[in-house]
Amino acid sequence: MSPAGSTEAVSVRVPGKINLQLAVGPERDDGYHELSTVFHAVSVYDRVTVQPAERWSVHVTGPYAHRVPTDDSNLAVVAARTLARRRPRGTKVDPVRIDIDKRIPVAGGMAGGSADAAATLVACRELWALDHVENGLLEEIAAGLGSDVPFMLHGGTAIGSGRGERITPILARGELHWVLWAGEGLGLSTPEVYAECDRLREVARTPVPDPAPSGELLTALRRMDADAVGAVLRNDLQDAAVSLRPVLAEVLDAGLDLGARAGVVSGSGPTVAFLVGSQAEAIDLSVGLAANGPMGDIVRAVGPVPGAQLVQHVRPTQPPPPPTRPGPLGPVTG
Ligand code: ATP
């Protein structure tokens with residue numbers, strides 16, 4: 001990257017998400033499932049930096065970099081190009097170089113790709129000075145990029161309906177403490193997990209009700225009470241994720257044995273989110289899981305946190321003003 005100050009650059013920080021509830025309805029005609037979900041943004045962050053360049057490109061660093069594409073399929077590139085295409089008439093934009101510091105586990109059910117897409121939209125709007133691109137248009141573009149992208153613009157805790165792209169924020173005070181377990185190399189593809197969910201439902205012949213937000217969860221969230229929230233965490237995709245990656249059952253058992261108030265697979269998995277009552281409990285559980293649980297990355301986090309947020313706008317350094325010539329009495333001092 002160019003040294004800060006010589007080139008304009010905009011950095012945006014964006015969190016990952018977990019799902020406190022994921023109710024999956026029947027498959028729709030368009031192949032998607034009707035969903036009702038409660039998203040919760042947690043303090044595990046990617047950082048996306050954009051700067052003007054001659055060509056579009058993306059570069060990824062961080063512990064999960066090797067699992068992220070660096071071609072045009074990267075969702076951050078797709079997001080930047082889409083915003084460029086949809087920009088208001090009469091505005092000009094340059095291609096950008098995108099740098100992603102990747103800390104959100106990849107293909108883990110934490111919407112890391114969607115998070116990078118949301119961060120790139122916010123960063124490019126700032127870099128290209130598209131102030132008149134209103135939040136409404138940004139959200140519309142986000143929804144076109146993927147079901148989770150609109151939530152990653154908002155963050156916090158929110159109900160997602162439709163494919164998950166229609167967002168209703170939940171206002172709640174307080175915070176929840178989490179320990180996240182992410183198994184390296186276990187990545188699950190979202191379509192694979194939905195297909196397994198449909199298969200298990202067909203075998204069990206269970207009726208599939210229309211998905212709706214859980215009233216108990218919404219009440220528990222108003223107080224941010226860990227035990228009350230823990231009692232009603234639910235993910236309809238969990239059985240499918242466990243069926244495809246049986247080690248997840250061991251992870252869930254280990255976390256509960258080690259004192260977690262509750263545990264749930266996040267989204268389509270395989271990240272497992274354990275809810276604890278305090279930071280001290282989070283430290284105990286993460287140490288216990290590292291020593292005794294199945295092998296995986298263990299991260300402590302809190303939620304809710306805001307969505308994609310501008311953290312830095314480096315403007316090109318202005319050339320220094322010419323030195324003023326000292327007057328006949330020499331420079332003024334003191
Ligand atoms: P979701 O739950 O939204 O389906 P996920 O959280 O399970 O997604 P992601 O981390 O978003 O998974 O990655 C899904 C796939 O998307 C990866 O296997 C990767 O190849 C691809 N991908 C494209 N762009 C990115 C990106 N910027 N960051 C991470 N993955 C990306």
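Arg163 sits over the face of Tyr32, 5.0 Å from the ring centre, and Arg13 likewise lies over the face of Tyr45, at 3.8 Å from the ring centre; a charge counts as over a ring if NZ of Lys or CZ of Arg is within 6 Å of the ring centre and within 35 degrees of the ring normal. The model is a predicted one, in which local features need pLDDT of at least 70 and side-chain atom pairs count only at pLDDT 80 or more, while totals for chains, interfaces and linings use all residues. Residues are numbered from 1 along each chain as its sequence is written, and side-chain values use heavy atoms, with hydrogens and water left out.

The structure also holds two aromatic pairs, where rings of Phe, Tyr and Trp (its six-membered ring) pair if their centres lie within 6.5 Å, and planes under 30 degrees apart count as stacked, over 60 as edge-to-face and the rest as tilted. Phe39 and Phe151 form a stacked pair, with 4.6 Å from centre to centre and 15 degrees between the planes. Both Phe39 and Phe151 are buried, a term for under 20% relative accessible area, with exposed meaning over 50% and partly exposed in between (1.4 Å probe, protein chains only).

The rings of Trp56 and Trp128 have centres 6.3 Å apart and planes at 85 degrees, so this pair is edge-to-face. Trp128 is buried, with a relative accessible area of 9%, whereas Trp56 counts as partly exposed because its relative accessibility is 23%.
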